[in-house]
Amino acid sequence: MPSLRERPRVGAGAGAVGLAGDMGLLCIGDGEGAAQVALRGAEVTSWRVGGEDLLWSGDPAHWGAFAPVLFPGVGWTRHGEARVDGIAYPLGLHGFARDCDFTVVEAGPSSVTLRRSDDSQ
């Protein structure tokens with residue numbers, strides 16, 4: 001993930017939507033609001049209103065993430081696994097969604113819908 005200084009910023013304006021190069025960041029903006037969403041983990045990495053940052057800056061000296069999706073649970077699981085229908089599946093801290101790639105279903109100037117499809121994870 002690019003550092004805060006390397007992340008492109010989508011400017012406030014009427015109806016901006018775009019994918020920032022090969023970094024997997026979807027940029028949206030409408031009026032005074034602008035946001036960036038990483039396709040890896042569906043994580044909102046920037047949210048600005050009126051030029052003011054509203055999210056944590058992601059300083060790796062303290063904690064490098066921004067606003068990760070913690071799914072299917074927050075924290076550790078008993079024995080590092082989840083059981084579904086009697087079958088044990090490994091499950092690390094805060095689930096798995098934050099480490100998965102998502103695809104864009106729909107994107108507009110003020111919203112985005114992402115999807116995570118089933119796979120071996």
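Q: Why is Cys27 called buried?
A: Cys27 has a relative accessible area of 7%. Buried means under 20%, exposed over 50% and partly exposed in between, using a 1.4 Å probe and protein chains only, so Cys27 counts as buried. This is a predicted model, in which local features need pLDDT of at least 70, side-chain atom pairs count only at pLDDT 80 or more, and totals for chains, interfaces and linings use all residues. Residues are numbered from 1 along each chain as its sequence is written, and side-chain values use heavy atoms, with hydrogens and water left out.

Q: What makes Cys100 buried or exposed?
A: The relative accessible area of Cys100 is 1%, so Cys100 is buried.

Q: Why is the pair of Phe71 and Phe96 called edge-to-face?
A: The structure holds one aromatic pair. The ring centres of Phe71 and Phe96 are 6.1 Å apart and their planes stand at 80 degrees. Rings of Phe, Tyr and Trp (its six-membered ring) pair if their centres lie within 6.5 Å; planes under 30 degrees apart are stacked, over 60 edge-to-face and the rest tilted. The pair is therefore edge-to-face.

Q: What makes Phe71 and Phe96 partly exposed?
A: Phe71 has 46% relative accessibility, so it counts as partly exposed. For Phe96 the relative accessible area is 29%, which also makes it partly exposed.

Q: How do you know that Arg40 and Asp101 form a salt bridge?
A: Their side chains meet at 2.9 Å, N to O. A salt bridge is a side-chain nitrogen of Lys or Arg within 4 Å of a carboxyl oxygen of Asp or Glu, so this pair counts. Arg40 and Asp101 are 61 residues apart, and the pair links distant parts of the chain.

Q: Which other pairs form salt bridges?
A: The whole structure has three salt bridges. Among them, Asp53 and Arg48 have their closest N and O atoms 3.1 Å apart, and the side chains of Arg83 and Glu81 meet at 3.4 Å, N to O.

Q: Why is Arg83 called exposed?
A: Arg83 has a relative accessible area of 56%, so it is exposed. Glu81, at 25%, is partly exposed.

Q: What is the nearest side chain of opposite charge to Glu43?
A: It is Arg98, 8.2 Å away. Lys and Arg count as positive and Asp and Glu as negative, while His and the chain ends are not counted. Glu43 is buried yet has no salt bridge.

Definitions and conventions: Helix = DSSP H or I, 4+ residues; strand = E, 2+ residues; numbered from the N terminus.
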